[in-house]
Amino acid sequence: MNAIEFPWLTAIIILPLVAALAIPLIPDKEGKTVRWYALGIAFADFALMIYTFWYKYDFQSSTLQLIENYPWVPQLSLHWAVGVDGLSMPLVLLTGLINTLAIFAAWKVTNKPRLFYGLMLAMYSAQLGVFVAQDLLLFFLMWEIELVPVYLLISIWGGQNRRYAATKFILYTAAASIFILVAGFALVFSGDTVSFDMTTLGMKEYPKAFELLVYAGFLIAFGVKLPIFPLHTWLPDAHGEASAPGSMILAGVLLKMGGYALIRFNVEMLPDAHVYFAPVLAILGVVNIVYGACCAFAQTNLKRRLAYSSIAHMGFVLIGIASYTEVGISGAVLQMVSHGLIAASLFFLSGVTYDRTHTLMMDKMGGMAKVMPKTFALFTVGSMASLALPGMSGFVGELMVFLGIATSDVYSSSFKVVVVLLSAVGVILTPIYLLSMLRQVFYGKQNQELHLDAVISDVKPRELFITASLLLPIIGIGFYPKLATQTYDVKAVELATHARQVLPVVAHQQPSSLYSRIFTAPTLASSQVENLINISK
């Protein structure tokens with residue numbers, strides 16, 4: 001283990017889990033003490049992250065930092081190996097912020113509060129472990145541990161069809177985990193050395209056919225979590241039935257685990273196979289954008305509309321990953337951070353609306369702007385960010401992805417034009433379904449059964465604080481993107497360079513003929529081959 005002052009990352013990961021195990025010992029009958037305890041632990045952990053990264057992390061380095069490596073189960077070669085770089089650090093901070101606010105959003109939970117807050121803290125810990133794990137087995141364990149609290153949070157505290165949604169979620173994600181296990185072990189036992197260290201696995205040389213199969217396995221596994229069409233169908237059901245805090249974490253953190261893993265495993269560890277799969281990712285990204293937007297427009301359930309919107313926005317992450325440019329990869333990471341903030345705010349506000357109306361059907365709301373003007377204003381700001389209004393973080397992320405794919409010299413002009421134009425169709429559809437949502441909910445025909453004037457109150461100080469905590473960084477990043485991009489710019493450059501270094505080798509194998517038959521898309525410009533060979537040397 002590298003010499004460090006204190007095991008900072010281990011403390012950040014373990015604190016919520018240890019605190020969760022102590023909840024049964026807290027004397028509390030009504031759950032009030034437990035909720036303050038859980039919020040205090042979540043906030044303390046988030047504060048510890050900020051302190052650690054501010055004072056102990058070098059933003060100008062692309063290498064792993066704060067590395068800790070302890071033998072855990074020597075018989076299985078399992079190490080407690082953790083570390084952060086520019087790819088994982090912003091997502092760790094995003095996880096801390098959204099989980100803390102989600103616990104604060106669950107202030108009114110009275111059904112089994114000990115179990116609820118214990119699961120929230122345990123899930124918090126596992127999510128952090130996923131983003132910092134540097135041992136493949138540890139990554140897999142954290143990935144699996146995170147599934148159980150999500151399943152229970154949906155199945156116990158969800159809506160009317162919560163058990164169906166929870167079962168569908170666990171079946172999809174558990175099946176995807178099999179692909180992680182099989183593909184991961186294939187890498188571990190390939191070659192002369194056996195190691196679970198992810199850095200070592202990325203340095204191994206693999207046969208082309210083997211690497212393509214492993215890449216496909218990881219793509220399926222992480223594609224479920226992202227989610228990628230057609231592996232997405234669990235998401236609208238889960239969002240539709242999950243409570244507001246659960247939806248905040250689902251959209252704000254869980255989807256980002258899929259995007260993070262695609263970059264960490266598929267791009268960083270399997271760059272040769274990425275050359276062949278990059279156009280597939282771009283095409284799937286376009287499908288996600290257009291399909292998600294079209295399905296969102298057809299939804300009458302508020303949270304299901306937002307769920308399909310998330311599917312569409314994750315398509316930009318895929319296109320950015322496939323771009324082979326620094327701008328595109330940087331845009332993909334920014335899109336993950338931005339969408340995490342935007343989606344968490346919108347799902348929280350949908351929960352605020354549900355608490356007042358006890359319905360998620362937009363045609364049964366209507367006229368709520370008169371009695372909930374502050375909620376309407378906050379919902380409008382969140383929706384503007386989601387439809388990529390200039391001055392919001394969503395605009396910057398999507399613009400960087402568009403520039404990344406449009407300026408990529410790896411693809412043919414015709415392929416880039418098709419990708420950009422079809423993605424733009426999704427961008428055009430986004431304001432249509434979001435503005436239509438605002439009109440139906442806040443300015444539609446008033447439902448007389450709700451008795452709005454007598455029953456419904458506007459957003460309260462606690463709810464206003466939670467929403468503002470999400471909207472302020474959205475606006476801040478929109479006006480000054482460097483607030484976010486400076487945390488991973490150096491890593492984005494390294495990722496793009498690393499991915500491009502293998503292009504000359506594959507170019508000499510003439511993959512363009514394969515692409516022209518199947519994808520009619522990428523070619524490596526002949527003028528670039530010599531330059532890329534020099535870079536690889």
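Helices (H or I, at least four residues) and strands (E, at least two) are taken here as DSSP runs, numbered from the N terminus. The structure is a predicted model, so local features need pLDDT of at least 70 and side-chain atom pairs count only at pLDDT 80 or more, while totals for chains, interfaces and linings use all residues. Residues are numbered from 1 along each chain as its sequence is written, and side-chain values use heavy atoms, with hydrogens and water left out.

With those runs in hand, Ser 195 falls in the loop between H6 and helix H7 (198-203). Ser 195 is buried at a relative accessible area of 16%, where buried means under 20%, exposed over 50% and partly exposed in between (1.4 Å probe, protein chains only). Neighbours within four places in sequence aside, Ser 195 touches Val 188, Thr 200 and Leu 201, a contact being heavy atoms within 4.5 Å.

Ile 178, which sits in H6, is exposed at 53%.

Next, the strands. S1 (residues 65-73) and S2 run antiparallel and are joined by six bridges; pairing requires that DSSP finds at least two bridges between two strands. Pro 71 has His 79 in S2 as its bridge partner. The two strands make a hairpin with four residues between them, and Ser 77 in the turn has a positive phi of about 55°. Six of the seven residues of S2 (residues 78-84) are buried, so this strand is largely enclosed by the rest of the structure.

Salt bridges come to 11, counting a side-chain nitrogen of Lys or Arg within 4 Å of a carboxyl oxygen of Asp or Glu. One of them pairs Arg 264 with Asp 85 at 2.8 Å, N to O. Arg 264 lies in helix H10 (residues 244-267) and Asp 85 in the loop between S2 and helix H3 (89-105), so the pair ties together parts 179 residues apart in sequence. Asp 85 also bridges to Lys 491, with the closest N and O atoms 3.2 Å apart. Lys 491 belongs to helix H20 (residues 489-500), so this pair ties together parts 406 residues apart in sequence. Relative accessibility is 4% for Arg 264 and 1% for Asp 85, and Lys 491 is buried too. Asp 85, Arg 264, Glu 268, Lys 491 and Glu 494 are linked in a salt-bridge network. Elsewhere, Arg 356 meets Glu 463 at 2.9 Å between the closest N and O atoms, and both residues are buried.

As for disulfides (cysteine sulfur pairs within 2.5 Å), the structure holds zero. Cys 294 is partly exposed at 42%, whereas Cys 295 is buried at 16%.
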